[in-house]
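Work through the following exercises on a predicted model. Each task is followed by its solution in steps.

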Amino acid sequence: LIKHLTRSLMTSNEHLFSSPPLTSAKIKILLSNEKQKYQVIEKESSTSTPAAGWWETFGYPAVKDENDKFCRIKGYISCVKCFHTFIYSSNSGTTRFKQHAWKCSNGTSSITIESSNSSSTQSTLAQHGFKTSSTLREKDSKNIKKLCVQWICHDLRPFCTLEDVGFCALAQELIQIGHKYGVIDVNEVLRSRFTASRAIYDLADSYRQYLKQMLVEPLKARAVTICPDFWTDCYKNISYLGLNITLVDSNYKTFSIDLFCRAFIGIKTSNEVLKALQGHLTEFGIEDLTSVNIVPDRGSNFVTAFRDFQPVRKQVSTLSTIPDINSEFSTTMLKGRQRNAIDINDAVTSDDSSDDDEKYRTPTIPMKRKKRTNKIESTNVHLLERKISINEIPIEAHNIIIAINQCKKTVKYIKKSGLNKDIESAGGGTVHQSIVIRWISMIESLESILRSFKIIKKVLVVKQQQKLINYIDEKTLKQIILLLKPFKHVIKLIQTDHSPSLYMVLLSIQTLREVMSSYQSLLDYHSANSDEQSTDGSKELDEDLSEELEGINFFWNRIRCLLNEMFTLDIRHYVATVLHPKYRSLKLCSINERQECYAYIRQELKLINVECNETDQQLANQPIQKKFKNDLFSRFESGDFIGVEENEEEPEDTDLDSPRESNLLSFWKENQDKFPRLSRYARSIYSIPATSASVQRQFPGAGLIIQERRTNLNPEQLDNIPL
């Protein structure tokens, strides 16, 4: 008997010590998600001492052993309804258990809350979170204001902290605790910084388990896209590998989630980057990169690492560098001859790029299309497409760059001198500063200067700083803005995290190519998207825009060449447009492009186990209308175009009102019975974002976490806090 008991104890101890340490949060997740292995078992009540009433809501968490029997996890009790788990021992108080039992049973159970003054008391509404409105006495109100001011000033906190949602929730909870228990020491309620730091790990782990379960179904449907990138902490010079995922769930809803941001140790070679990513993604149930779509950064390490996984090349970062006139040439002007030649591609690649991996920069599934020809002399084309030194550009183009630099200096002076208030009081508007990490901030800065140009000029004359605007005139500003405005509209339209955007890449590039085809097309676009009207109600053309400046003509020609040369669209950009009910006709695309796109869709649909009937493609010739309306993509709409017959190859028309339809995925959800394979394939395609801006927006948040006053923060917490 003693040997048998000893063997059983050793078996139970072996199971106990071999398992990883459990916490209340982890046990709750296991009970919710792994019900076959973890369950809540009832408490065995003895005949002599019956269990208290609140035990009807609680039981012991248990795990299945090797003999398929559930063994109790000691030290904890769990709610049988919501699986909320508490630490429990023979010395534990029962107040919190009674309150939770009352909450879970909605007040329907026969639980009584005992009190030392009476046998049973009735709970009040305030004890269950109901708030009452009351007016503080003037003395108490002044004391609260005094304490707030002392706290803000002594600890150098921003004033907005007092309006923070988290702070207000904590203060409200403290008020409720005070109402429940009376006047108690605050040190008994608030937890130490060490406790809070440890609790972040548990809470982050619970969120990761939730995300892991959330990803199971989208991974099976291949409706998950990952966007990795690097970020460097400027204080400790630690490199972090960040990753954002975009997914479309079974309800056809889009989610964009910052999955992790973890310290990267070692050299950023393609093999090391791929190894680190695969290790981190395994924690979330992503075992194979072929089960997800990939939108990598254009750095050579990412491009090389993912070359075997058919990544989708992001186009928006490239799109933003094409009209970046200032960054292309002004750096060379400021640094003299330190940089003799510049390449537009240099602005696109990351710091880890190298020419050795240039052969991997083409998309894995490029679209075959005929190369466009430019109506420019061959000598000029050669000059516009190759690397250009600062000494090779015309003097008129120099003047455009000087004007942009002077605008930046003017805005910087206005910001530092606090002149925005003087400009606003004189009837002008706030001047905005250009930010390097924001692609469209330069045009917004130029527009803010143009709106208040005359007032800014008067204010600077008063301050004896008129030299700042000696090289700036309204005509130059208007024509620079005219050149950049189409890019601003397209980039703002395409940057979205919570709705499909991939279909807009093809439409945007085709739109920009049309707008940049001639100066008259630019004027037509400006007229269609301008709010200025003449007295008779028609659109009025500004006299400053009637004649094109020579410097603007140089940059217009260069942008036009780069638009035709830099973009090699992935076939999935075409597929995303075809799967859109409004733009399925692929207007302005050639017959070969349409046929190749339809053939690729049929090939992909064969991988989905649903039968399909093949149909012939009947293409209709329609006149192409190149009028730029307020709806940027309206001329691409299908109308009565007959692309393919109405079957699963081609969804029928639907009522969608704008190019950024919130109900695009709703259409595929409603028609998933009619188009089972296409609807599932649409989930996969529309989980791919057009840009990786979401992961890049993660890094400014990381910069707020690791700042000058938090340089000793554990790098692991940078991965926990954003969750």
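**Exercises**

**Exercise 1.** Locate Asp570 and decide whether Asp570 is buried or exposed.

Solution. Asp570 is found in the loop between α20 (550-565) and α21 (571-578). Buried means under 20% relative accessible area. Asp570 has 0% relative accessibility, so Asp570 counts as buried. A polar atom of the Asp570 side chain lies 2.9 Å from the backbone nitrogen of Arg572. Leu506 is 64 residues away along the chain, with 9.5 Å between its C-alpha atom and that of Asp570.

**Exercise 2.** Describe the largest nonpolar core and the contacts of Tyr681.

Solution. The largest nonpolar core has 95 residues, and Leu579, Trp668, Tyr681 and Tyr686 touch the most other members. Helix α17 (residues 474-494) gives the most to this core, with eleven residues. Domain 2 (196-313 + 693-719) and domain 3 (389-528 + 548-556) each supply at least three residues to this core. Leaving out residues up to four places away in sequence, Tyr681 touches Val575, Leu579, Tyr600, Ile601, Glu604, Leu605 and Ile608.

**Exercise 3.** Classify the ring pair Phe86 and Phe97.

Solution. The structure holds 16 aromatic pairs. For Phe86 and Phe97, the ring centres are 5.5 Å apart and the planes are at 75°. Centres within 6.5 Å make a pair, and planes over 60 degrees apart count as edge-to-face. The pair is therefore edge-to-face. Phe86 is in strand β5 (residues 85-87) and Phe97 in helix α3 (residues 95-104), eleven residues apart. Both Phe86 and Phe97 are buried.

Notes. Residues are numbered from 1 along each chain as its sequence is written. This is a predicted model: local features need pLDDT of at least 70, side-chain atom pairs count only at pLDDT 80 or more; totals for chains, interfaces and linings use all residues. Side-chain values use heavy atoms; hydrogens and water are left out. A nonpolar core is a set of buried Ala, Val, Leu, Ile, Met, Phe, Trp, Tyr and Cys residues joined through side-chain atoms within 4.5 Å. Buried means under 20% relative accessible area, exposed over 50%, partly exposed in between (1.4 Å probe, protein chains only). Helices (H or I, at least four residues) and strands (E, at least two) are DSSP runs, numbered from the N terminus. Domain bounds come from an automatic or database domain assignment. Contact means heavy atoms within 4.5 Å. A polar contact is a pair of N or O atoms within 3.5 Å; within protein, one must be able to donate a hydrogen and the other to accept it, and residues adjacent in sequence count only if both atoms are side-chain atoms. Rings of Phe, Tyr and Trp (its six-membered ring) pair if their centres lie within 6.5 Å; planes under 30 degrees apart count as stacked, over 60 as edge-to-face and the rest as tilted.
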